[in-house]
Amino acid sequence: MASLCFLNEMINGITRNMDILRSSAGHQCAIDINEFFRWMTFQLQSRNQNLIELNIQILDALFHIPPYRKAFWQTIHAVDTLVHILKKGSSNPQVLYELCFAIWLLTFDQEIAANLNRKYDVIPTLIEVAKSAVKEKVIRVIVATFKNMIEKAPRENLSAMLVEKLQPFAEHLSTRKWQDRDIMDDISLIQERLQENFQDLTTFEVYASEVETGKLEWSPPHQSENFWRQYASRLNDQDNKLLRMLVRLLSTSTHTTILAITCHDLGQYVKYAGSNGKKFLEDFGAKRRIMELMTHEDPDVRYHALSATQKYFAMASA
């Protein structure tokens, strides 16, 4: 009984605050919106599912106001808390819809659309939610989110969507019958833009997208000698951006396939990048980590770590 009374009190407090916020959106706000969103972030971390759902519904209402999207985005731990709830999943289709609806509204902001996947890896999560969704409206709002991300920030999102295999999933969605005509229009747009981007991408851009998303797989570029002969030095572009990302994966990943591919790629890099390649691997700590992985329990990781080490010392004696 006490907990129920507490929840009712919380609901009344939230409702009062929301009325103030919505009524003051066009002029000076009666309360501090940033403080309010910090408080809501704390509520979203509650163990009380009813309280979490109530706060998501409030966000759905507030995110219709553009400045509030940006304020929430800038609130520490706010978006990652919301995405964490989405990644945990829910058996309640309405809750999933309201979560995805909040994220959709956020993506109307160009800065958010450009950085949402880079910071929180939402594209694969949204794809998985859509694949398992039983309600059309959940799929509809996820498709609309992808459309927003493409239209607002194509350069930041199209390559990542290709890496996460959104293209074949969109193809599957296009074969289904939908009650809402808008969803078919959105799917067609997504298919068209993904196909255009796929045709425009160079082999190196496909590889770079894999590295940037951390979703490495044994795709053709990794295993092509011609690719490494032509592009190894490109890992040093932009202050060694891609090389640093590979070294970070080598140090932080526990996935055996990613470790094996990273060892392989760094071995190919040092083979073709010239004298600076060996120096960079040592300076960034990759040499030591690769040698540690020579005793890894997985045979593929051991093999590629040994191969990379051999290439490193072959360059040292060349």
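Rings of Phe, Tyr and Trp (its six-membered ring) pair if their centres lie within 6.5 Å; planes under 30 degrees apart count as stacked, over 60 as edge-to-face and the rest as tilted. The views below show a predicted model, in which local features need pLDDT of at least 70, side-chain atom pairs count only at pLDDT 80 or more, and totals for chains, interfaces and linings use all residues. Residues are numbered from 1 along each chain as its sequence is written, and side-chain values use heavy atoms, with hydrogens and water left out.

**View 1. A cluster of aromatic rings.** Phe36, Phe37, Trp39, Phe63, Tyr68 and Phe72 are linked into a cluster by ring pairs. In the structure there are 19 aromatic pairs.

**View 2. The aromatic pair of Phe204 and Phe227.** These two rings are stacked, at 6.4 Å centre to centre and with 20 degrees between the planes. The pair links distant parts of the chain, as Phe204 belongs to helix α13 (residues 203–213) and Phe227 to helix α14 (residues 225–231), 23 residues apart. Helices are DSSP runs (H or I, at least four residues), as are strands (E, at least two), and both are numbered from the N terminus. Phe204 is buried at a relative accessible area of 5%, and Phe227 is also buried, at 3%. Buried means under 20% relative accessible area, exposed over 50%, and partly exposed in between (1.4 Å probe, protein chains only).

**View 3. The crossing of helices α9 and α10.** The axes of α9 (residues 136–152) and α10 (residues 154–163) come within 6 Å and cross at roughly 130 degrees. Axes are lines fitted to C-alpha atoms, for helices over the stretch in contact, and angles run from 0 to 180 degrees between N-to-C directions. The two helices are therefore oblique to each other; angles under 35 degrees count as roughly parallel, over 145 as roughly antiparallel, 65 to 115 as roughly perpendicular and the rest as oblique. On the α9 side, Phe146, Met149, Ile150, Glu151 and Lys152 meet Pro154, Asn157, Leu158 and Met161 of α10, where contact means heavy atoms within 4.5 Å.

**View 4. Ser275 and Met315.** Ser275 lies in helix α17 (residues 275–283) and is exposed, with a relative accessible area of 63%. Ser275 and Met315 are 40 residues apart in sequence, and their C-alpha atoms are 7.5 Å apart in space.

**View 5. The protein as a whole.** The protein has 19 helices and 0 strands. Of its 318 residues, 49% are buried.
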